[in-house]
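Here are a few friendly notes to read alongside the model. Take them one at a time, with the picture open beside you.

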Amino acid sequence: MTDQQKGFAAAPAATSAPSRVTLHLGHLPSKKNIKAPWPRTPSRVDPNNPPWPAFRGYHEYSFAHATMGVRLPTILGKAIDDTSRTLNEQYSEDVIIDLVACLERMDTLMADLSGNQKLRPIVDDGEADVALWNKEIAKYFQGKDFMNAPWLFAEAYKYRRLHECFSVSKNWKDYDVFYRQKCDTFSRSADAVFELSMRFAEPFKQAENLSDAERAEAERLMFLELTQVCLWGNSTDLSLLINMTEEQIKALQSTGGDHLAATEKNILGNHLGQLWDTVKVLRKKTGGRIDFVLDNAGFELYCDCVYADFLVQSGLAKQVRFHGKRIPWFVSDVTKKDWEWLLNSMVYGHLFPKSNEVERESLRRLGARWKQYEKDGIWIYEQHPFWCTGYTFWDLHSEAPDLFLHLSRSDLVFFKGDLNHRKLTYDCAAPASTPFDQAIGPMANAAGAPKVCSLRTIKSDVVVGFGDDGDDLAEKLDKEEPGWKISGKYAVVLLSEGRPGEKVHFA
Ligand code: F6P
Ligand code: MG
C-alpha cells in the first residue's frame, strides 16, 4: 500500500520536503472531553498505586522533591551531630564502641539516601513491626529507590532505617536523636504555654447566673476556640522549623481570641460545626470515648492535652486515649518518653527561668491534674506498632485489624497533623474538591469505621475536602500564593460520617 492509499499526504519532492508531516483529521469524530481514569478502582489500589497519582521524590513540582533531596539529608546530618554530642559525653569503653557503631550505620544510611540507593529490607532487630515493613517492601517496592518509591513510604522508611541504626545495638536501642530538640522547642514556647496554663489551671466553671441557652452557647464557643488551639498547635513542627527564631515560634503559637477568629478564615475545609454537633451529644451517654492519634511533642501535645482536659471537665468525654509513636518519628512526633517528659516537667521542671511564681504554679497545677487523670484511667496513653509503618490508613483495617477494632469502639478519633492526614488520604494527587469520606476510603466506609476528624495545618501537597468549588480555590491559590501548601498558614478540620455500630468482620 502506498502512503497515498494509507491516507498520508503525498510525499513531496526530496528538494522541498517539509520539516513535519501534518495530517488533516477533519473526517474523524470530534475530540471528546475524556475523564481521567482516576480514582483507581479500589481493587487496583495498593501502596505503590494510590487511588490518585502518588507523589514521588523525583517529582520536582512536589514537596516530595525538596524533602527527599534536601530536608531528609539535613535532618539526618543533625541527627549525626546530636549522636556525636552524646558520644562525647560517654566514659565507658563498651558503651562508646557501641555508639560509634551506631554512628557508622548512620553514615551508611546517609550514603544510601544521598546516593538514592534501592530500599533494602529492614534488619530483623526483633521488633514488632519488622514483618510489616518487610512484607510491604517485598510485595510493592522491590527494586524501588528513595526517589521513585511513593514519597510517603520512602520518607517513613528513612525514619525506620534511622531507628535500626540504634535498635541493633546493645546499649542504645531506644536512643532518640530528636529528644534534645523536642525539649528545647517547648522550653522556648513560654508565652503560649502560660497563656493557656493561666486560663486552665483552675478546673473550669461556667458563670452561675446563666440561662441554659447561654450556658450551651458559652460551651459551644469554648469548644470551637479550643479546637482551634488544638488545630494550630500543629503549625509548630520541628521538621520544618529547623532554624526558627523565638519570635517566629511565638507568632505561630499565638492563642488569643482575636487571632483565632481571624484564623478561622484560613480553614479551607471547615467541618467545625458538624464536629460540635457530634461532640455535644456525647454527654447524654455520660460522656464518650475520644481518641487522639497524636502528632508532635512539646507545644502541640500540650495544646492537645488542654483540649482533652476541657472535653473531660465539661463531661463531653469520659475517657481519652492518646496514641503515640513507638520510635522517634518524623523528628517531632510524640513518643512515650516525650509524653512523660511533658507531664513531669510541668510539675517538677525548671524550664522557664524568666517566668513568675504565679505562672509556674499554674503550670504545676495543670500538670498535676493531667497526671491524676492518668492514674485514674481517664487518660490512657498507647503506642501501637502500626503507627510507625509505611502503610497508609487505607490499610489499617487489613494490616492492623486489632487496632481497627480498638478504634471502632471510640466515639470520635482525632488525627492530628500533616503526616496523619497524608496517611488518611493515601498521600496522592486527589482533586481538592474530593469529599473527605471518599479520600479516606476504608477509614470512612469499612464496617465499624469510627467517626474520624482530621485537624491538620497544611504542610504538604495533598489537599481534599475543600467543597464543591475546591478545585477552583486550589487553582487560584496555586497561582496567587505559591507555597501555600507547605507554609502551615492554611488548615482543614474535616469530619467523616463514620459507620459506628456496624459489626466488624475480618477474614
Ligand atoms: O517531611 C514532610 C512531612 O512529612 C510533612 O508531612 C510535614 O511537612 C512534616 O513532615 C510533618 O508534619 P506534621 O508533624 O504536622 O505531621
Ligand atoms: Mg509530626
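1. Strand 5 and strand 6 pair in the parallel sense, over 4 bridges. Strands here are DSSP runs of E with at least two residues, and helices are runs of H or I with at least four, numbered from the N terminus; two strands pair if DSSP finds at least two bridges between them. One link to look for joins Phe-415 to its bridge partner in strand 6, Ser-454.

2. A word on the source: this is a predicted model, where local features need pLDDT of at least 70 and side-chain atom pairs count only at pLDDT 80 or more, while totals for chains, interfaces and linings use all residues. Residues are numbered from 1 along each chain as its sequence is written, and chains are lettered from A and ligands numbered from 1 in the order in which they are written.

3. Now widen the view: 7 strands form an open sheet with mixed pairing, in the order 1-7-6-5-2-3-4. At its edges lie strand 1 (267–270) and strand 4 (379–382), each pairing on one side only.

4. Is helix 17 (residues 417–424) mostly covered or mostly exposed? Mostly covered: 8 of its 8 residues are buried, meaning that 20 or more other C-beta atoms, placed from the backbone, lie within 10 Å of the residue's own. These buried residues pack against several elements, including strand 5 (412–416) and strand 6 (452–457). Just after helix 17, Tyr-426 takes a positive phi of about 65 degrees.

5. For the whole chain, count 20 helices and 7 strands. Buried residues make up 42% of its 507 residues.

Definitions and conventions:
Buried ≥ 20, exposed ≤ 12 C-beta atoms within 10 Å, placed from the backbone. Contact = placed C-beta atoms within 7 Å.
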